[in-house]
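Here are some friendly notes to read beside the model on your screen. Take them one at a time, and find each residue in the viewer as you go.

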Amino acid sequence: FVFPAHAISSYKASYDLYAETDLGYFKFGGAEYELVVAHNAYVFTSNADTDVLWRAIYDYSSNETSIGLIEDNKLIGSYYKIIEDQGNLINDNYEINIYPNEHYASLNNEIKWEINSGDIADALSIYLNISEDIQKYPNKKAFVYQIVDKKGVTQREFTIDGFETINIDNN
């Protein structure tokens, strides 16, 4: 018996980050994801960083936020922000505003890109879009999306290779 999973409900999850080496696996950091859904809107955040003991070797942190609306069971992104640091260097620090009705997206309110339709995702909300579409179309094996990031708008295809089972311990 299978219960349907719904991506469009609030949740919070934490993950340990591991690296595989010749000496085995080592935990080097952690990541937290949080999805808050209320009043037909969502805020999805991701935060990852290296553990204190590993920062001398590799210091990394990333903070992402994706904000949008939910209309007719469809995710409509409107804002994305990322700050990614490696050591003392900032790799990424930008904001994208998405205007689906006007058919464009902007980077830091300076550069504008045309988008073909309102079906566009950012680098974080794409995971919500894929999850929703897999539930809506369980027999479909490939999904195509427009994704916007600092380089512009690109079309990408995601292929389903298999499914995973998640066991939840409620203790």
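Before we start, one term: two residues are in contact, or touch, when they have heavy atoms within 4.5 Å of each other. Please also keep in mind that this is a predicted model.

1. **The overall plan.** Begin with the whole protein. Its secondary structure comes to one helix and 11 strands. Reading from the N terminus, the order is β-β-β-β-β-β-β-β-β-α-β-β. The C-alpha atoms fill a box of roughly 50 × 50 × 30 Å along the principal axes. Of the 171 residues, 33% count as buried. Among contacts between residues at least 6 apart in sequence, 36% join residues at least 24 apart.

2. **S62, a buried serine.** Find S62 in strand β4, which covers residues 60-71. Is S62 buried or exposed? Its relative accessibility is 6%, so S62 counts as buried, since buried means under 20%. Leaving out residues up to four places away in sequence, S62 touches S46, N47, A48, I82, I83 and E84. Now look at D85: S62 and D85 are 23 residues apart in sequence, and their C-alpha atoms are 6.3 Å apart in space.

3. **D92 and its lysine partner.** D92 belongs to strand β6, residues 89-99. With a relative accessible area of 12%, D92 is buried. Which side chain makes a polar contact with the side chain of D92? The partner is K150, at 2.5 Å. Beyond residues up to four places away in sequence, D92 touches I82, I83, E84 and K150.

4. **E34, partly exposed.** E34 sits in strand β2, residues 24-38. At 30% relative accessibility, E34 counts as partly exposed. Setting aside neighbours within four places in sequence, E34 is in contact with Y11, K12, V43, F44 and T45.

5. **Two loop residues with positive phi.** N40 is in the loop between β2 and β3. N40 is not a glycine, yet its phi is positive, at about 60°. With 53% relative accessibility, N40 counts as exposed. H103 lies in the loop between β6 and β7. The phi of H103 is near 65°, again a positive value in a residue other than glycine. H103 is partly exposed, with a relative accessible area of 37%.

6. Strands β7 (residues 104-107) and β8 (residues 111-114) run antiparallel and are joined by four bridges. Which residue in β8 is the bridge partner of L107? That partner is I111. Together β7 and β8 form a hairpin with three residues between them. In the turn, N108 has a positive phi of about 50°.

7. **The helix and its cover.** In α1, the buried residues are I126, L128, N129, I130, E132 and D133. An α-helix has 3.6 residues a turn, so residues three or four places apart point the same way. Keep that in mind as you look along the helix. What covers the buried residues of α1? The cover includes β2, β3 (41-50), β5, β9, β10 and β11 (152-159).

8. **The second largest pocket.** Which elements each supply at least two residues of the lining? They are β5 (74-86), β9 (120-122), α1 (126-136) and β10 (142-149). The largest share, four residues, comes from α1. By class, the lining has six nonpolar, five polar and five charged residues.

Methods:
Residues numbered from 1 in each chain as written. Predicted model: local features only at pLDDT ≥ 70, side-chain atom pairs only at ≥ 80, totals over all residues. Heavy atoms only, no water. Pairing = 2+ DSSP bridges. Buried < 20%, exposed > 50% of the residue type's maximum accessible area, 1.4 Å probe, protein only. Polar contact = N/O pair within 3.5 Å; in protein donor to acceptor, adjacent residues only side chain to side chain. Nonpolar A, V, L, I, M, F, W, Y, C, P; charged D, E, K, R; others polar.
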